[in-house]
Amino acid sequence: MGKLDGKVVIVTGASRGIGESIAKMFAAEGGKIVCAARTLREGDHQLAGSLETTVAAIRDAGGEATAVASNISEPEQCEALVEAARQAYGPVDILVNNAALLYAVATKDYPLNRWMRTWAVNVHGPFTLSQLVLNDMIERGSGRIVNISSGAATGPGRGPYESPGGSSVYGTQKAALERLTQGLAAEVYQYGVGVSAFSPSQFVPTVGSMFAQGRTSVDPNTTESPETMAMAALLLSTEPLEKVAGRVTYSQQILNEFGWITDARGTGVDPERMGSGFSRI
């Protein structure tokens, strides 16, 4: 028996990286996975990874999955994605809002069109998809929404500053997503629906994150695997509602708290550290 037997799951950004790992792990636990991203086939994007590759791997392992090419920055495509999930497997039980768009550009140089585009992907898309799946979840009295955030959501605190800041735009959007997470969690808890968010405890060196940040190498002692992120998403999708609803946490911190791992490390495992959506005073 898997933890997700028969559950219908949408995972956005499932063509590579963290989303791919979440899709594979959830499928291995018996979920019926709707893999969503913009890259349908290998070669459609400059980076390796595609929905067809993720789905093929899941099916080869005996799991169930289907690919839906979708740009979640467009409300109409969000609607089409949720409808495709319903047509393929039925009402959605779990939504994992993983897709994200990051440009490593200082605020003074940030193009306005990129500002609008990143808000559409990082905040508007998760909002729209959450709205679309909530009616079915509320009607059935169960469901989970898991939002993938970032440590960038934590403000740097007051000056003076020793080094230039960074990720201001991305951090602002992830902080907004976390505030939406807790607000929505409070709204729908009465209906048996859980909403939570978590960030990586350490840097996750995926093809996408390495490219976005212009990195060519990393210290393995400062990183964690996409599989660790997938495990945290699984925990927040399956542990009792009263224990995880409204949690804004970190991957290794929550896994260690629930005993899913025993070797937690990194800054995101400190239980005294504020939820990453709260800037320090």
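Guide: Ser-251 is part of helix α9, which covers residues 251-257. Helices here are DSSP runs of H or I with at least four residues, strands are runs of E with at least two, and both are numbered from the N terminus. The model is predicted, local features need pLDDT of at least 70, side-chain atom pairs count only at pLDDT 80 or more, and totals for chains, interfaces and linings use all residues. Residues are numbered from 1 along each chain as its sequence is written, and side-chain values use heavy atoms, with hydrogens and water left out.

Ser-251 counts as buried because its relative accessible area is 0%. Buried means under 20% relative accessible area, exposed means over 50%, and partly exposed lies in between, using a 1.4 Å probe and protein chains only. Leaving aside residues up to four places away in sequence, Ser-251 touches Phe-198, Ser-199, Pro-200, Ser-201, Glu-224, Thr-228, Met-229 and Ala-232. Contact here means heavy atoms within 4.5 Å.

From there, turn to the sheet. It is open and has 7 strands with parallel pairing, in the order β3-β2-β1-β4-β5-β6-β7. Strands β3 (64-69) and β7 (248-250) are at the edges with a single partner strand each, so one side of each has no neighbour in the sheet. From one strand to the next, the twist averages 20°. Helix α1, residues 17-28, packs on the sheet and touches β1 (8-12), β2 (32-37), β4 and β5, while its direction makes about 165° with that of β1. Such axes are lines fitted to C-alpha atoms, for helices over the stretch in contact, and angles run from 0 to 180 degrees between N-to-C directions.

Two strands pair if DSSP finds at least two bridges between them. Strands β1 and β2 run parallel and are joined by 5 bridges, with Val-9 opposite Ile-33 of β2. In β1, 5 of its 5 residues are buried: Val-8, Ile-10 and Thr-12 point one way, and Val-9 and Val-11 point the other way. Strand β2 is also mostly covered, with 5 of its 6 residues buried. Further along, β4 (residues 94-97) and β5 (residues 143-148) run parallel with 4 bridges between them, and Leu-95 stands opposite Ile-145 in β5. The loop between β5 and α5 (168-188) holds Pro-160, and the peptide bond from Gly-159 to Pro-160 is cis, with omega near 5°.

Next come the aromatic rings. Rings of Phe, Tyr and Trp (for Trp, the six-membered ring) pair if their centres lie within 6.5 Å, and planes under 30 degrees apart count as stacked, over 60 as edge-to-face and the rest as tilted. The whole structure has 2 such pairs. Tyr-103 and Tyr-110 form an edge-to-face pair, 6.5 Å centre to centre with 70° between the planes, and Tyr-103 and Tyr-110 are both buried. Trp-115 and Trp-119 are likewise edge-to-face, at 5.6 Å centre to centre and 70° between the planes. Both of these Trp residues lie in helix α4 (residues 112-140), 4 residues apart, or about one turn of the helix. Trp-115 counts as partly exposed because its relative accessibility is 32%, whereas Trp-119 is buried because its relative accessible area is 18%.

The cysteines are brief. A disulfide is a covalent bond between the sulfur atoms of two cysteines. The rule applied here asks for a pair of cysteine sulfur atoms within 2.5 Å, and the count by this rule comes to 0. Cys-35 is in no disulfide, with the nearest cysteine sulfur, that of Cys-78, 16 Å away. Cys-35 counts as buried because its relative accessibility is 0%, and Cys-78 counts as buried because its relative accessibility is 0%.

Finally, the confidence of the prediction. The predictor's confidence in each residue, pLDDT, runs from 0 to 100. The chain averages 93, and 97% of the residues score at least 70. Confidence is lowest in helix α6 (residues 207-212), at a mean of 78, and highest in β4, at 99.
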